[in-house]
Amino acid sequence: MAQPSQNPSRQQKVIITKKNDSKLVGILHESETEEIVILCHGLRSTKEDTIIINLASALENAGVSSFRFDFSGNGESDGSFEFGHYWREVDDLHDVIQHFHRANRIVTAIIGHSKGGGVVLLYASKYHDIKTVINISGRYDLKAGIEERLGKDYLERIRKDGFIDVMRAGSFDYRVTLESLMDRLDTNMHEACLQIDKECRVFTIHGSSDPVIPVEDAYEFAKILPNHKLHIIEGADHSYTNHQDELASVVVNCIKETLLQDRVTSG
């Protein structure tokens, strides 16, 4: 796959200070537009994720400014990694959006991949200031997919020990605490999605061959969101390994359509 061209001179590191004085670090891809798109990474990922970088580059090539950042406890941002804490990441996203509002930018869309897809949907359910949400391979049922990471009888084991250490290739990867696990189990995507404004446009994009989050989750979102468009990328896995160009094209077309509708409405 040909990598999208990037212009480093149009990229700028931005550090955003939260109310608790912790720092969020991101990269602004500046295309001199008033509108800006915010990109949100997934679990155990960063702003340097291939999907996130390629989307930022594709938007830049289309003349659209974007900002990709590390959630708290990930990448260069302050804090410690937490398994659950979806609403903490919603608050991170709110701080990012407020930063750009203060800079007189219009956040025209929020885009998230995997856990980031859940975060952008939860954001839209709590704050009603974004007109377009793009959910890429987000999980509908947050009670699913845990045994694959934590093993059998995970609830019994974590209640006994207070934590489970996740290993990768025989080495320690990260720790899941009882609190962070319960945070995920208590986060109800179905109920949250019912709180999203009908005027908010939601696009769901999912790979038909996703082994991490099944494509059926995308159809569940389609059932309950009234202002919703669904795009299935045939043969794509969770990381869009062989479908990066197609994913970027679908996202850029969604954003162009959104910008056109917003400009017609405001005009």
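A total of 16 salt bridges is present in the structure, which is a predicted model. One of the pairs joins Arg 105 to Glu 30, with 3.0 Å between the closest N and O atoms. Arg 105 belongs to the loop that connects helix H2 (86-102) with strand S5 (106-113), whereas Glu 30 belongs to the loop that connects strand S2 (23-29) with strand S3 (35-40); the pair therefore ties together parts of the chain lying 75 residues apart in sequence. Side chains of opposite charge can pair when their charged atoms come close.

The protein is divided into two parts, domain 1 (12-142 + 189-266) and domain 2 (143-186). The centres of domain 1 and domain 2, taken over C-alpha atoms, are separated by 26 Å. Domain 1 supplies 11 residues to the contact and domain 2 supplies 14 residues. About 1300 Å² is buried between domain 1 and domain 2, and carbon and sulfur atoms account for 55% of this area. On the side of domain 1, the residues that lose the most area to domain 2 are Arg 44, Phe 83 and Leu 142, which together make up 47% of what that side buries.

Polar and charged interactions across the interface were also examined. The side of domain 1 that touches domain 2 consists of 5 nonpolar, 2 polar and 4 charged residues. The interface of domain 1 and domain 2 contains 1 salt bridge. A salt bridge is found between the side chains of Arg 44 and Asp 173, at an N to O distance of 2.9 Å. Arg 44 is also among the residues of domain 1 that lose the most area to domain 2.

For residues 32-143, an unreviewed UniProt entry records the feature "domain: Serine aminopeptidase S33".

Methods:
Residues are numbered from 1 along each chain as its sequence is written. This is a predicted model: local features need pLDDT of at least 70, side-chain atom pairs count only at pLDDT 80 or more; totals for chains, interfaces and linings use all residues. Side-chain values use heavy atoms; hydrogens and water are left out. Domain bounds come from an automatic or database domain assignment. Contact means heavy atoms within 4.5 Å. Buried area is the accessible area (1.4 Å probe) that two parts lose on being put together, summed over both. A salt bridge is a side-chain nitrogen of Lys or Arg within 4 Å of a carboxyl oxygen of Asp or Glu. Ala, Val, Leu, Ile, Met, Phe, Trp, Tyr, Cys and Pro count as nonpolar, Asp, Glu, Lys and Arg as charged, and the others, Gly among them, as polar. UniProt positions are given in the numbering used here, feature names are shortened, and annotations may be inferred rather than shown by experiment. Helices (H or I, at least four residues) and strands (E, at least two) are DSSP runs, numbered from the N terminus.
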